[in-house]
Amino acid sequence: MSRKHIIIGNWKMYKNMEDTKIFLNQFSKLIKGKVIKCDYGIAASYTNLPVLKLNQFHNLIIAAQNCHYEPEGAFTGEVSIKMLKDINVSHVVIGHSERRMYFTETNEAINKKLHALFNANMIPVLCCGESDSEYEAKKTNDIIKNQILLALAGIKSQHVTKLIIAYEPIWAIGTGKTASAVEAQTVCKMIRDYITELYDENTAQKVRIQYGGSVKPENIKSFLEQPDIDGALVGGASLQAESFLGLLV
Ligand code: PEP
């Protein structure tokens, strides 16, 4: 089955509104006349999302980096899915390793967010990945299967077909180290096989699986050539307009 590649820039806690406008201005000039075959988008901080909406040009997916699973309530500092929908956000990154690590985001909360997003017709980008020590101890498959099993508890196959999974080995995020394309392919294939086991082959073939971890314009092709890698989640190299465009191969 052919799956359309999807590249998402994760801006983390970088750029203010003015920086975002400058990026969009540069990017819109650079992209003019180019034929882009993949889906592409940017996951920005909440305050930048309205700027992306106002300056939105053709096809740019607007993604948030988090959301709350409750529709509303006394949750100071949180943002609901309805609030995100108001400003054209269609995708939300869930369970990024930085959120799991620094904000104690649990698999249980991730599962609740996935349910809430699918119920609102939004698309989650579910991140999973092993730490350096887990990688060294050859625990990658067990760690990832457990993250996926808990994240997808109770999620129906019709929703899973819309899911994007980002495999991001933690030791490769922002470090300049990448998994080799073959290594990344092996894990992404393992994820697809596991979705087949949990659901069925048809569902697994529809899920888009990204690789993330120090992806740049210079190495992205080697990942996208792999049969089970359907795109990339990219931090550092998505911050500059020229470099972001270089990822849209
Ligand atoms: C990320 O933020 O998800 C990421 C993969 O970052 P980087 O591309 O900088 O490693």
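How many nonpolar, polar and charged residues does the shell around the ligand have? The shell has four nonpolar, eight polar and two charged residues. Here Ala, Val, Leu, Ile, Met, Phe, Trp, Tyr, Cys and Pro count as nonpolar, Asp, Glu, Lys and Arg as charged, and the others, Gly among them, as polar.

The model is predicted: local features need pLDDT of at least 70, side-chain atom pairs count only at pLDDT 80 or more, and totals for chains, interfaces and linings use all residues. Residues are numbered from 1 along each chain as its sequence is written, and side-chain values use heavy atoms, with hydrogens and water left out.

**View 1. Residues around the ligand.** The ligand is surrounded by 14 residues, a residue being near if one of its heavy atoms lies within 4 Å of the molecule. The closest are Lys12, Glu168, Gly174, Ser214 and Gly235. The second largest pocket holds the ligand. A pocket is an open set of points, on a 1 Å grid over the protein atoms alone, where a 1.4 Å probe fits, with protein on both sides within 12 Å along at least five of seven lines. A molecule sits in a pocket if more than half of its atoms lie within 2 Å of its grid points.

View 2. A polar contact is a pair of N or O atoms within 3.5 Å. In the side chain of lysine 12, an N or O atom is 2.8 Å from an oxygen atom of the ligand. Histidine 96 has a polar side-chain atom 2.8 Å from a ligand oxygen atom. For glycine 236, a backbone N or O atom lies 2.9 Å from an oxygen atom of the ligand. The ligand taken alone exposes 290 Å², of which the protein buries 95%; the areas come from the Shrake-Rupley method with a 1.4 Å probe.

View 3. Serine 214, one of the closest residues to the ligand, lies in the loop between β7 (208-212) and α11 (220-224). Helices (H or I, at least four residues) and strands (E, at least two) are DSSP runs, numbered from the N terminus. Serine 214 is not a glycine, yet has a positive phi of about 60°. Its relative accessible area is 15%, so serine 214 is buried (under 20%; exposed is over 50%, partly exposed in between; 1.4 Å probe, protein chains only). Asparagine 88, in the loop between α3 and β4 (91-94), also is not a glycine and has a positive phi of about 70°. Asparagine 88 counts as partly exposed because its relative accessibility is 38%.

**View 4. Proline 71.** Proline 71 is placed in the loop between β3 (60-64) and α3 (81-86). Proline 71 counts as exposed because its relative accessibility is 61%.

Technical notes. Polar contact = N/O pair within 3.5 Å; in protein donor to acceptor, adjacent residues only side chain to side chain. 1 Å grid on protein atoms, 1.4 Å probe; cavity = no way out; pocket = protein on both sides within 12 Å on 5 of 7 lines; lining within 4 Å.
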